[in-house]
Amino acid sequence: MPTGSSTREVMGAGRCRLSKIGATRRPPPARVRVAVRLRPFVDGTAGASDPPCVRGMDSCSLEIANWRNHQETLKYQFDAFYGERSTQQDIYAGSVQPILRHLLEGQNASVLAYGPTGAGKTHTMLGSPEQPGVIPRALMDLLQLTREEGAEGRPWALSVTMSYLEIYQEKVLDLLDPASGDLVIREDCRGTILIPGLTQKPITSFADFERHFLPASRNRTVGATRLNQRSSRSHAVLLVKVDQRERLAPFRQREGKLYLIDLAGSEDNRRTGNKGLRLKESGAINTSLFVLGKVVDALNQGLPRVPYRDSKLTRLLQDSLGGSAHSILIANIAPERRFYLDTVSALNFAARSKEVINRPFTNESLQPYVLGPVKLSQKELLGPPEAKRARGPEEEEIGSPEPMAAPASASQKLSPLQKLSSMDPAMLERLLSLDRLLASQGSQGAPLLSTPKRERMVLMKTVEEKDLEIERLKTKQKELEAKMLAQKAEEKENHCPTMLRPLSHRTVTGAKPLKKAVVMPLQLIQEQAASPNAEIHILKNKGRKRKLESLDALEPEEKAEDCWELQISPELLAHGRQKILDLLNEGSARDLRSLQRIGPKKAQLIVGWRELHGPFSQVEDLERVEGITGKQMESFLKANILGLAAGQRCGPS
Ligand code: ADP
Ligand code: MG
C-alpha cells in the first residue's frame, strides 16, 4: 500500500455491508476500565511544607483528604492506580497494551486521558522522546502486531491508517489537513460513528506514523503559543484503523478502530476567572465535558435517552462510552493542594465512569468475490447472469479459489466441491427451487447447483433481494394505480384545467389506467420546464417518432383522435423533480427505497455519495453515483417523476 497517499473517510456501500457478528445475540458486556494516575510534584514544592493531598493505598485504591472534615479521608477504588513513581511503561503495559489485540479481532478500543490541565494527560498520552507515552508505544506495538499477523502466508491481509483531529470550540478540525475546516460527525446505517472528509493516512511503519503525526502535533503546538495554551482547551483525537481482509474463503473483512484521546482540561473554569475568548473557549469545553458527564450518568441510570448528540465530543465518543468499544479512561490527577477541588471532581467523574457498560462486537462482513467495495457495488446492481458476465476471467481466478464447475451434463450438476449426498437437504431443496425460478425467468446463467459454493451463496442472496424488491414494486405500482384513478375521478369532478386531461375518445377504465400515461423523455421535460407559458403540453406518438407540441397549436378534438396519450404541466414535472431531489438529499436509505428502481444497495450508494460529495444539486447528479448508468437514470426518472408529480398536485401527499 502506498504510504504517501491519503484517503478521506467515506461511508460507502462496502462499509455498510459490515455487520455486527452475532448481531442477533447481545454482545457480552465489557465495563469501561478506569485507571487513575497521580503525577509527581513538578514545581519543586514537594516536601514537608506541602504534603500531597492524595495518597495511594494499593495498586487499585487511593485516598484524598476530605475538605469538609480534615480528620477524614475519601477513599476510591479503581481498576488500577498508578502512583508518583509509576513509569510510562507501567501504565502502558498495565492498562493499554491488553486491549490492542481486540483491534485485530475487528473490535474497537479507546483510551481517554481525563483530568485538569497540568495533571499529566499529555504526558501520559504523548510523553517525551525520553519518556514516550501511550500513543507512540501503542502505535509501535500495533504496527508490529499487524506486520506479524498480516505477513505472507497468514490468513489475513492487514492495513493500518491514521487520522488526527482536534475538537476546539465545538469544531472538528482535521490536524492532518488544517485547511479543511469544520467537519461533520455522522452515523452510518450500522450506528458506527464516522467523519466524512477526514484525512486517513496509510501507515506501515512507525517512521510513517511520525512523518504524519509530528507536523500535525506541531500545528497544534503553534496554536498553543498563539492562543495561550489552546492545546489544553481542545480535545485531541488520534484515530488508528486496522482493516483486515481474509486471504481465503470465506473472504471476511474486519475493521477495528482505536481512539487515543487527550481530552481538554477538566478544571472548573468558573473558578479561573476566564474572560473574553477564554471564556468562550471554556464554555465550549465545559459544554463537551459537561455533556460527557451527563452521558455517563444517563448510561449509569439506564435512561432511555443518552445525550450523545449534545456535544461533538460525546457524539464522537458514542462508540466508546456505552457503545461498542473496549474503553479505558485514565484519570490524571496532581498532588498539589491547589489542584484539590479539580482532583476531587476528576476522581468523582472517574468513579462514575467505571459503572458504564460497553458491549464490544466484531465488525465483520463477508467479502463477495470482488476486489473492492466499488466493484462490488457495480456488480451487485446487476442481476446474477449479468454479474457473471461482468466478472472477467482474471477476477474469477483471483476471487474464486474454488474451481468453476462446467455447466454441462446433468450428471455434472453439482459443484465438485460439494456432492449432492453431502449437502444439507434443506439447502438442497432451496437451491433446486431457486434454480427452477431462475430457469423460469429465462436465466442463461449456469445452474446454481453447478456453481461454486461461495458464488452460489451470493446468487441466492441476490435472488432473495430481487424477490423482495419485486414484491415492493408491485405494491408500489398498485398504490400508484389507485392514486391515478382517484386523481382522474377528482379531475373529472372539478374540471381542473391543470390536471391530466384525457385526450382520446376512449374512456379510461379502472382496469388499465396506467396504459394511458406516457412519460416524456428527460430533455423534453427540461424544455417544458424552461417555457413558462406552456401550461399544458401533449406528447404525440406517430409510429416510432415522438414529437412535442403545444396544445394551443392544435385542434383539440381532431388531434386527440391521433393517439395523444398524456399531458402534464411543466409545473407538475418540476414538482416531481423537486420531490425526487429532496428525497435524494434528505431521505434516509429507507426513504430512498420508497422510490421506484431503488433497492437497498442503490439506496446505500446514494447515501454514501451524498456523504462524500454533499447534496445533489439536480436529479441528474444521480448519474455520478458509482454504478448508476445513464440508462438506469432515465428509467428511474420515468418510473418516479410522474407518480411524484401527480402526488404533489392532486394527492393528499
Ligand atoms: P496536561 O496535559 O494534563 O495539561 P501535562 O501532561 O502537560 O498536563 O503535564 C504538566 C507537566 O507535568 C508537564 O511539564 C509534564 O512534563 C509534567 N508531568 C506530568 N506527568 C508527569 C509524570 N508522571 N512524571 C513527570 N512529569 C510529569
Ligand atoms: Mg495537555
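A backbone N or O atom of Gly118 sits 2.6 Å from an oxygen atom of ligand 1. (A polar contact here is a pair of N or O atoms within 3.5 Å.) On its own, ligand 1 has 550 Å² of accessible area, and the protein covers 69% of that (Shrake-Rupley method, 1.4 Å probe).

This is a predicted model, where local features need pLDDT of at least 70 and side-chain atom pairs count only at pLDDT 80 or more, while totals for chains, interfaces and linings use all residues. Side-chain values use heavy atoms, without hydrogens and water, residues are numbered from 1 along each chain as its sequence is written, and chains are lettered from A and ligands numbered from 1 in the order in which they are written.

## The shell around it

Who else is there? Ligand 1 is surrounded by Arg37, Arg39, Pro40, Val42, Pro116, Thr117, Gly118, Ala119, Gly120, Lys121, Thr122 and His123 (near means a heavy atom within 4 Å). By class, that shell splits into four nonpolar, five polar and three charged residues. In this scheme Ala, Val, Leu, Ile, Met, Phe, Trp, Tyr, Cys and Pro are nonpolar, Asp, Glu, Lys and Arg are charged, and the others, Gly among them, are polar.

Helix 3, residues 121-125, gives the most to the shell, with three residues. Helices (H or I, at least four residues) and strands (E, at least two) are DSSP runs, numbered from the N terminus.

## Helix 2 against helix 4

Helix 2 (residues 88-104) packs on helix 4 (residues 134-149) at an angle of about 35 degrees, with the axes 10 Å apart. Axes are lines fitted to C-alpha atoms over the stretch in contact, and angles run from 0 to 180 degrees between N-to-C directions.

The residues that meet include Ile91, Val96 and Leu100 from helix 2, and Ala138, Leu142 and Leu145 from helix 4 (contact means heavy atoms within 4.5 Å). The whole contact has 10 nonpolar, four polar and three charged residues.

Ala249 and Pro250 are joined by a cis peptide bond, with omega about 10 degrees. Pro250 is in the loop between strand 15 (235-246) and strand 16 (252-262).

Gln169 isn't a glycine, yet has a positive phi of about 50 degrees. Its loop runs between strand 10 (156-168) and strand 11 (171-174).

Terms used. Polar contact = N/O pair within 3.5 Å; in protein donor to acceptor, adjacent residues only side chain to side chain.
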